[in-house]
Amino acid sequence: MLSLESITKTTQDWLLAKFSPQIALTIECVIVILLAITLFAVLGLVLVLLERKVAARIQIRLGPNRVGPGGIFQTAADTLKLIMKEGLTPDTADKFLFNLAPFVVMMVAMLLLAPIAFAKNFQIWDINIGVLYISSISSLSVIGILMAGWASNNKYSLLGAMRSGAQIVSYELSAGFAVLTIVVLTGSLQISEIVASQENGWWLFKGHIPVVIAFVLYIIAVTAETNRAPFDLAEAESELTAGFHTEYSGMKFALFFLAEYINIFIVCTIGATLFLGGWMPLHIGHWEGFNHIMDFIPSSVWFMGKTFFLIFLIMWFRWTFPRLRVDQLLNLEWKYLLPISLFNLLLVTVIAIMGWHF
Amino acid sequence: MFLKDYISDVYNGVTSLLKGMRKTGYYFTHSKEIITEQYPDNRATLKLADRFKGEVVMPHDEQNEHTCTGCTACELACPNGTIKIITKFEMTPEGKKKKAIDSFIYRLEMCTLCNLCVAACPSDAIKMAPNFEHSVFDRSKLTKILNKPGSKIKEGVE
């Protein structure tokens, strides 16, 4: 059967047969880099179009429908326009940091791709501290945003960047606690083991109400971490024009825009891996027949389906809820999400120790 | 009591958010709710809102009669001098002189579509029409005479 696993295996066997192990590894690295860049480009196009279509439907509009059938080439045309525009650097900006910031943001998004299991045995780097790696790298993205805001030499940018700093530092906590609940239940930080532990059912169903609460907390926290509405204070068009990327234009702006969507994709893949079983098909306990039927759907389809479901959920939030004020944002985190997630983690620990989960 | 308030806060917050999501979810799944008009394509079947204000018109019935008495209430109500009414005197069959309009001049290029003239009219002689394709090559074409040639006031309207 043709699967991503067999393709990678055949490629590796062929490379090892033709070249020495070092050269084979180098070629594999190059292939992985090319695939990652292709994935980013495709995701950028698809997610922006999806967002515009979802927004249109929610606001009882039609959305882009002129370029190509149903407007499917709209984002490609927009990208072409952005490539041709001038990448302006303000005269009084810190030129080095200003030009570096978009690449820092993109690099963080790329690093996050490494430990994600896209399908059965299809993973770039199955590191044994996968979840820790993800939570530590994802907090780096604030550096790129602060860098952009500071180097722009613009009040709006600086305010946006500062808000973003306060926001990401706060919401890292509850996202971390939500991730920890699954780590407590699984007893491992490795992505492949977390997925394997959900073979007889996803944690969302196996872990009773505490895991459902953790899932909700995770979704709220990552929405804030990716600077998406209702937590888009760092951009806040009506107050700060565009926040930290006010001064960016052309392809440098496009990189920020792309990084936002890549970050959404990545947090949704992590959410899908932790709570919805990653590439694992829907298995229910000992229903052998049912589980066997579910196995016929390829694991990559399961993974992408779950990820896009979560992405849709986050888009749904964006087009439903109004933006919070800064004080409301911090109140929500420190007075509500953090105490709830601490208490929730305690409950999950009790469940894990007593073995009450399925 | 603090804990009770706290929990009810969380409960109320979550339920109100879910209520909003239910509404937008309904719109997302029901494409018949879409209100976008694809204007140049559906020009023939275009549906505009009832309250859409495009220009002032004076309705005439089949006998070419309108209900404008020439009281100039609309002219006085207009904030920017869009309307100019020229009156004349007509002889009634009884031999009395009666005031009537000679021409109701309406300058669309000066009109802000504020609806004050329609609100001021005591005999509902003018109303707002949903026409919006007003572009012309000559500005003088925007000065319109609203009463049709040969029209007269309806019987019984004072």
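The expected span of a helix is 1.5 Å times one less than its number of residues. Keep in mind that this is a predicted model.

Q: How do you know that the length of helix α1 of chain A is close to what is expected?
A: Helix α1 (residues 4-18) has 15 residues, and its first and last C-alpha are 21 Å apart, close to the expected 21 Å.

Q: What makes α1(A) hardly covered?
A: A residue is buried if 20 or more other C-beta atoms lie within 10 Å of its own. Among the 15 residues of α1(A), the count that are buried is zero.

Q: Why is α7(A) called roughly antiparallel to α10(A)?
A: The axes of helix α7 (residues 155-186) and helix α10 (residues 208-225), both of chain A, come within 8 Å and cross at roughly 155°. Angles over 145 degrees count as roughly antiparallel, so that's what this pair is. Residues making the contact include Tyr171(A) of α7(A) and Leu217(A) of α10(A). By class, the contact has 12 nonpolar, three polar and two charged residues.

Q: Why are α12(A) and α14(A) called oblique to each other?
A: Helix α12 (residues 250-275) and helix α14 (residues 299-318) of chain A pack at about 120°, with axes 8 Å apart. Roughly perpendicular stops at 115 degrees and roughly antiparallel needs over 145, so the pair is oblique. Their crossing is right-handed. Among the residues that meet there are Phe265(A) in α12(A) and Leu310(A) in α14(A). The contact divides into eight nonpolar, three polar and one charged residues.

Note on methods. Residues numbered from 1 in each chain as written. Chains lettered and ligands numbered in written order. Predicted model: local features only at pLDDT ≥ 70, side-chain atom pairs only at ≥ 80, totals over all residues. Axes fitted to C-alpha atoms, helices over the stretch in contact; angles between N-to-C directions. Helix = DSSP H or I, 4+ residues; strand = E, 2+ residues; numbered from the N terminus. Parallel < 35°, antiparallel > 145°, perpendicular 65-115°, else oblique. Contact = placed C-beta atoms within 7 Å. Nonpolar A, V, L, I, M, F, W, Y, C, P; charged D, E, K, R; others polar. Buried ≥ 20, exposed ≤ 12 C-beta atoms within 10 Å, placed from the backbone. Left-handed = near helix turned anticlockwise from the far one by under 90°.
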